[in-house]
Amino acid sequence: MGLEEAEKDSSTASSTVEDEEEAWNFNKQTLIFQLSDRLIHGDLSTQIQAARDIRKLVRKSSSKTRSKFAAAGVIQPLVLMLLSSNLDARQASLLALLNLAVRNERNKEEIVTAGAIPPLVELLKFQNCSLRELAAAAILTLSAAEPNKATIAASGAAPLLVQILHSGSVQGKVDAVTALHNLSTCTKNPHPIVDAKAVSPLIKLLKECKKYSKFSEKATCLLEIISNSEEGRIAITDSDGGILTLVETVEDGSRVSTEHAVGVLLSLCKSSRDKYRELILKEGAIPGLLQLTVEGTSVAQERARTLLDLLRDTPKEKKLTCSVLERIVYDIATRVDGSDKAAETAKKLLQDMVQRSMELSMDRIKHSAAVCARSEVSSKSPTTSGGTFTSNPG
């Protein structure tokens, strides 16, 4: 075959591929119009089948196909189907909306604007586990779009998602945690999304998951939010293995989850050292915290140092001996820089700890001196009959 014939064959093949692609796009566009028409103008049984067909078509399609369905007007009738007394209609429309929202931010916003959140919240109240968890998955997907967060946060969905944390399937619980985490980042919501009722299932899930996973990062983030209230702190310490699970996350978690986990422990200890310090020490928190001062994010390092300062003020018989502390620091240094440089790294770590301790002691001395000076000046200041002394400048 000559070069000219080869070029002709190549051109013919290319033309055939383009023709086939054009025909496929035409057929798909025709199908989109047909399904949209059936959904908008058909009776209930026709609408249910159209919703099922839309779901099948968009499951493996591009975001462009999802946008074409939205442009064809399918979102509003699908949202109206969520209000139907027919459970098949609700399920079919819910699955279609869920698939239209995936990887398409504009569709997510349009679905919420069309009024999908109230019927989805009603579905979260259902005893039917399948529908309830499909609704949770839909809220998870829709809450990923920033403009939707305030609407969903104000809808009353959060307490119902917490109920799924207690009694849902594994996938339902994962979706509920992720949805709650999405909502927790809503800057327009003045109140915390989660409260103490979420602690027990969150701790249980954190126990069972890999501490360095994305799921662990979301769970510890929610626990840190909850730890800002006294009810939340009590729930964390009362939860079976709550503090131990957080200590394990400090030791084995990702950079994000360790930051949140040490944040929870710090919140406990800051609120009442006498109440929580011994509980944290009892679970062996010191090695993980020391390691975090070296390997954590800048926020985690600062939190770990602050917490170590709070934990250091313990009864004399409970204090770490120098040899134990040196061994812990040496082990950490070995993991960080290897055995060849461990001694040098450990020395620097210990020097840093001593320096920080001296700085804190000096701050306390200066503070005490300032308080004493103010008291002395106050005791020597003359007073008038009105009880107030006014100096006369010049």
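Which helix gives the largest share of the lining of the second largest pocket?

## The second largest pocket

In this predicted model, helix α10, spanning residues 157–167, provides six residues of the lining of the second largest pocket, the largest share. The space within the second largest pocket amounts to about 260 Å³.

In total, 15 residues line the second largest pocket, and those nearest its centre are A158, P159, V162, I193 and D195. Sorted by class, the lining of this pocket comprises eight nonpolar, five polar and two charged residues.

## The cavity

When the whole structure is searched, one cavity of 30 Å³ or more is found. The volume of the largest cavity is about 50 Å³.

The lining of the largest cavity is formed by L94, L97, L98, A101, I111, A116, L120, A138, T141 and L142. At least two lining residues come from each of α5 (87–101) and α8 (129–143), and α5 gives the most, with four residues. Nine residues of the lining of the largest cavity are nonpolar and one is polar, while no charged residues take part.

## A buried lysine

Helix α13, which covers residues 214–226, contains K218. Although K218 is buried, no salt bridge is found for this residue. The nearest side chain of opposite charge belongs to E217, at 6.0 Å from K218; the cut-off for a salt bridge is 4 Å.

Leaving aside residues up to four places away in sequence, K218 is in contact with V177, T178 and H181.

Key:
Residues numbered from 1 in each chain as written. Predicted model: local features only at pLDDT ≥ 70, side-chain atom pairs only at ≥ 80, totals over all residues. Heavy atoms only, no water. 1 Å grid on protein atoms, 1.4 Å probe; cavity = no way out; pocket = protein on both sides within 12 Å on 5 of 7 lines; lining within 4 Å. Points joined across faces, edges and corners; volume = space filled by probe spheres on them. Nonpolar A, V, L, I, M, F, W, Y, C, P; charged D, E, K, R; others polar. Buried < 20%, exposed > 50% of the residue type's maximum accessible area, 1.4 Å probe, protein only. Lys, Arg positive; Asp, Glu negative; His and termini not counted. Contact = heavy atoms within 4.5 Å.
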